[in-house]
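Reader: Please take me through this model. I want each label set against its cut-off.

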Amino acid sequence: MRIALEVAWNEAVRLCRIRTVILMLLGLPLLLIFLLGNALQSDLEPVRLSVSVGDWGALGEAAERYLASPAAAGYVDAQNRGSEAEVREDVRSGAADFGFALTETGVRYFPGSFTERNMIAESVLNRFTADANVRLSSADLAPGLSGEAVEQSLFAVYAKERVQIGTLLSRDSVGFDNFSAVQYYSVAYLVMFLLYSGMSAALSLAEEREKGTLLRLYSIPVSLNVLLLGKLMGSALFACLQAIVIVGFTRGVYGVDWGGSYGAIVLVCALVSAAAIGFAIVVCSFVRNRRAIESIFSLVIVAMTFLSGGMIADIGSGLRDIGKFTINHWANEALRRLMAGGTLGEGWLEALILVAITATILAAAAFRFRKAVALT
Amino acid sequence: MTFVQFKEVVKKYDTKISVNHLNLDIAQGEIFGLLGPNGAGKSTTIHLLSGLLPMDAGEVLLDGYSVAKRPLETKSRIGLVPQELAIYELLSARENVTFFAKLYGLRGNLLKERVEEALEFTGLRDFAKDRPAKFSGGMKRRLNIACAIVHRPKLIIMDEPTVGIDPQSRNHILESVRKLNEMGSTVIYTSHYMEEVEAISTRIGIMDKGRLVAQGTKEELNIQVGLEERLMLETNRLTDEAAAEIRSHPRVTSFQRREDAQLELVLQESQAYLQDILFILTKHELKLQKLTRVEPDLESLFLALTGRTLRDKA
């Protein structure tokens, strides 16, 4: 075991001294998380809404109250205007993103230039108009019904909707934590770059064979299995460092909340690393050339990351289904569950599939081991 | 005492026989030079001895242990200096030697002592903190040796250790080999450079196409092959009569006339019969201007044995 640790340490030290490895495996994931997380963030700036409610009495007051309420204020920044013409002018000149006016003929919308902002404004305003329709209908149908009763009835409906959404996405939890883009990509790229640590293992073996140090290692009175175990442990050590840097940095600098179950995170990362190293052995058993190893790993890892939604969150249901055959998908799901405050026990199916995939790859690696480590 | 023994060893790669029924004994304390052209089977032979390759038939014994059956015992006695530079470019010279020393089981103060000793021996002590990227080719070769000798092996196997380096570094390495031998190690030295093998080996083996075609000291090999010393004579002029008389001398086994006044002879027992040749020259009023003795070299020996030169492929 001592010899294996010596070899592992030697391997880890050598990897850490390669600048491109440090940049690629430590720096690049942090950069990608930052870039994609901020470019695709789900937090939106409030839409500038120009509003004219005129003298429409209770309906106008209701509109003003609604636009000032927490439900709407997070999405729209309403500015009152005296007339429909002013609202139209605000939108035309770009002083507002969207216009809303209550007129004699009803509600009028004045969309601006940006489709996304128009959609947000319409979504927010449609809710008010739906509410307004309910109130008006109840006033017509039940003139004796108080406004307070109508409010209570509407509230009950909205409350029920919130509970249903929570139950669909998180089994027993009452609430649902939405992931920010930074959180989403932190998980995706942690998994992706842990898989790249397998490529380091494969390249190291190929380099040792090319440079002749493997021949010297084989001439030493140490078991082949111990030597190779040491090499693979070295890559695993580096993968640990990678995971610590990515999780620590994103938590400390980007404010990513990993959920607190670091033991479980370690377990998931260990399974991914083990799978990566197993894959490295399988690849090395077929391919000796370093360029070929790099190409195979890059192709496989990028494809798996894409199919698991690691590059574009919504890739369509067809591709997502294919993505379920990747280790990335199950590792991502497990880590996001932990991020959301869940446990691996709750997500036992994900954990089981992850273990099964890793075990399968390691079994293939054991079968191809002798070929992978042959001198020629 | 026999230290290394090859008994009917065969190694094949697919249909090609790389080592063909090799029988070879190497005594303890020898420097055994294994000579042969590229592809002769030298590297395969030492890889079989080092336990790096399995053999298809036969047995190799090292210090009484079977290489196939007791690999850990045999490997612990060997220090291999491979043909390729088997060093880590990203570790310093000291880190390289220390790493391999640890793998050989050295620890604590003994480890430090042996590492410094190996660096000192190979002239790298002043460069111990530097990485091989800063080294010349010769220095890298020396580091290659340092990694192999740190554990003071009983047998040092050097596979073409001077390929691609400058003459000064080559001489340093050859001197190191002699010193290692004086310190008690048996050395097996493979090369296709006959000058190196001639310079340091106590015994020489010549391999060709997987077979050991001859072995012995240089003198023994010359006798085996029947090669003799040649004499090159240069006179002021050479008459046909003088040339004919020299040619007919009973001890002249080979005669070649070059240019106008040059002769190349093979004269048996030249020390005794050279004066006859000189008498013939004097009788014909010829002056001897230059006399050169040319001993048979390994190149001509190899040519005589195989019909090819050392620089030809096997």
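Reader: What makes strand 3 of chain B and strand 8 of chain B a pair, and in which sense do they run?

Author: First, the basis. This is a predicted model: local features need pLDDT of at least 70, side-chain atom pairs count only at pLDDT 80 or more, and totals for chains, interfaces and linings use all residues. Residues are numbered from 1 along each chain as its sequence is written, with chains lettered from A and ligands numbered from 1 in the order in which they are written. Now the pair. Strands are DSSP runs of E, at least two residues, and helices are runs of H or I, at least four, numbered from the N terminus. Two strands pair if DSSP finds at least two bridges between them. Strand 3 (residues 31–35) of chain B and strand 8 (residues 186–191) of chain B have five bridges and run parallel. Ile31(B) stands opposite Val187(B).

Reader: How many bridges join strand 3 of chain B to strand 9 of chain B?

Author: Four, again in the parallel sense. Phe32(B) stands opposite Arg203(B) there.

Reader: Why is strand 3 of chain B called largely enclosed?

Author: A residue is buried if 20 or more other C-beta atoms lie within 10 Å of its own (exposed: 12 or fewer; partly exposed: in between), with C-beta atoms placed from the backbone. Five of the five residues of strand 3 of chain B are buried, so the rest of the structure largely encloses it. Ile31(B), Gly33(B) and Leu35(B) cover one side, Phe32(B) and Leu34(B) the other.

Reader: Why are helix 8 of chain A and helix 12 of chain A called roughly antiparallel?

Author: Angles run from 0 to 180 degrees between N-to-C directions, and helix axes are lines fitted to C-alpha atoms over the stretch in contact. Under 35 degrees counts as roughly parallel, over 145 as roughly antiparallel, 65 to 115 as roughly perpendicular and the rest as oblique. Helix 8 (residues 181–211) and helix 12 (residues 290–307) of chain A pack at about 165°, axes 10 Å apart. The two are therefore roughly antiparallel.

Reader: Which strands of the open sheet in chain B stand at the edges, and why?

Author: The four strands have the order 2-1-4-5, with antiparallel pairing. Strand 2 (16–27) and strand 5 (65–66) of chain B each have a single partner strand, so one side of each lacks a neighbour in the sheet. Strand 4 (residues 57–62) of chain B meets strand 5 of chain B through two bridges. Leu62(B) stands opposite Tyr65(B).
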